[in-house]
Amino acid sequence: MPSAFVVTGGTGALGREVVRALLATGASVAVPYRGEEGWRALRDEMAAGPRLWGAPVDLADASATARFVEQAVASLGGLDGVAAIAGAYAGSAPLHDAPADEWARMMNANLLSAYSVSRAAVPHLRRSRGAMVMVGSKVVEGGGANAAAYAVSKAGVVALARVLALENKDHGVRVNCVLPGTIDTPANRADMPKADRSRWTPPAAIARVILFLLSSDSAPVTGATVPVDARA
């Protein structure tokens with residue numbers, strides 16, 4: 001499925017696997033990034049030449065994100081899909097004890113980043129009849145005690161995906177959302193050294209589900225929330 005995609009969060013553990021999977025199909029990928037070091041590492045690891053393009057951008061800035069998407073479209077020659085993976089986690093206390101800035105940080109990292117790239121990308125996806133996949137969390141279904149800001153921001157991502165699916169179904173654009181449980185990443189292993197990792201899901205396994213939802217193989221599917229929380 002050689003096509004052109006934007007992958008937000010492409011320098012992270014899950015995003016890197018999605019970039020890898022897309023490049024393996026012959027697609028071209030644009031990655032917005034915050035840190036030069038992460039971008040250089042991704043570029044060197046993938047060794048994809050001009051099929052992997054990136055630029056620095058703050059995804060919480062809708063105007064900057066719109067400029068990035070326009071640049072990506074010009075660089076890649078179009079836009080066929082978006083994987084909105086960028087996000088962050090914080091949570092270690094009940095809402096009334098959580099740090100005062102935690103709410104805004106989670107909303108910016110998870111919900112505002114998804115909003116910004118969606119708003120910029122949808123007009124292009126309507127032209128290509130493309131697809132978008134967002135990343136929610138299984139926490140949304142379980143309540144998210146001691147991580148209110150994270151849980152609410154991810155619930156917003158799920159709601160946004162459903163709204164966009166309804167708004168764009170008649171325009172040929174599909175929007176779905178995956179709901180991972182704990183992802184088996186080096187960071188999570190370091191943060192939770194005593195946890196039972198037997199049910200954690202490898203990033204590459206989640207990436208395969210995202211790739212399916214971006215591909216024409218999932219053409220009948222839109223507005224779905226897909227749990228991805230079993231060991232592959």
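The model is predicted: local features need pLDDT of at least 70, side-chain atom pairs count only at pLDDT 80 or more, and totals for chains, interfaces and linings use all residues. Residues are numbered from 1 along each chain as its sequence is written, and side-chain values use heavy atoms, with hydrogens and water left out.

Start with the helices. Two packed helices are described by the angle between their axes and the distance between the axes. Helices here are DSSP runs of H or I with at least four residues, strands are E runs of at least two, and both are numbered from the N terminus. Axes are lines fitted to C-alpha atoms, for helices over the stretch in contact, and angles run from 0 to 180 degrees between N-to-C directions.

Take helix 4 (102-128) and helix 6 (148-168). Their axes come within 8 Å and cross at roughly 15°. Helix 4 and helix 6 are therefore roughly parallel to each other (angles under 35 degrees count as roughly parallel, over 145 as roughly antiparallel, 65 to 115 as roughly perpendicular and the rest as oblique). The crossing of helix 4 and helix 6 is right-handed: the near helix is turned clockwise from the far one by less than a right angle. Helix 4 contributes residues including Trp103, Met106, Met107 and Arg126 to the contact. From helix 6 come, among them, Tyr150, Val152, Lys154 and Glu167. Contact means heavy atoms within 4.5 Å. By class, the contact of helix 4 with helix 6 has 14 nonpolar, five polar and four charged residues. Ala, Val, Leu, Ile, Met, Phe, Trp, Tyr, Cys and Pro count as nonpolar, Asp, Glu, Lys and Arg as charged, and the others, Gly among them, as polar.

Helix 1 (residues 13-24) and helix 8 (residues 203-214) form another pair, with axes that come within 8 Å and cross at roughly 50°. That angle makes helix 1 oblique to helix 8. The crossing is right-handed. On helix 1, the contact residues are Ala13, Leu14, Glu17, Val18, Ala21 and Leu22. Helix 8 answers with Pro203, Ala204, Ile206, Ala207, Ile210, Leu211 and Leu214. This contact has 12 nonpolar, no polar and one charged residues.

Now turn to strand 6 (residues 174-180), which holds asparagine 176. Asparagine 176 counts as buried because its relative accessibility is 0% (buried means under 20% relative accessible area, exposed over 50%, partly exposed in between, with a 1.4 Å probe and protein chains only). The side chain of asparagine 176 reaches the backbone oxygen of valine 221 at 3.0 Å. It also reaches the backbone nitrogen of alanine 224, at 2.9 Å. Leaving aside neighbours within four places in sequence, asparagine 176 is in contact with residues including Met132, Ala161, Leu213 and Thr222.

Arginine 129 sits between helix 4 and strand 5 (131-135). Its phi is near 55°, a positive value in a residue other than glycine. Arginine 129 is exposed, with a relative accessible area of 58%.

The loop between helix 5 (139-142) and helix 6 holds asparagine 146. Asparagine 146 has a positive phi of about 70° although it is not a glycine. Its relative accessible area is 40%, so asparagine 146 is partly exposed. Glycine 144 lies in the loop between helix 5 and helix 6. Glycine 144 counts as buried, at 15% relative accessibility. Not counting residues up to four places away in sequence, glycine 144 touches Val139 and Ala151. Glycine 144 and alanine 224 are 80 residues apart in sequence and 21 Å apart in space, C-alpha to C-alpha.

Technical notes: Polar contact = N/O pair within 3.5 Å; in protein donor to acceptor, adjacent residues only side chain to side chain.
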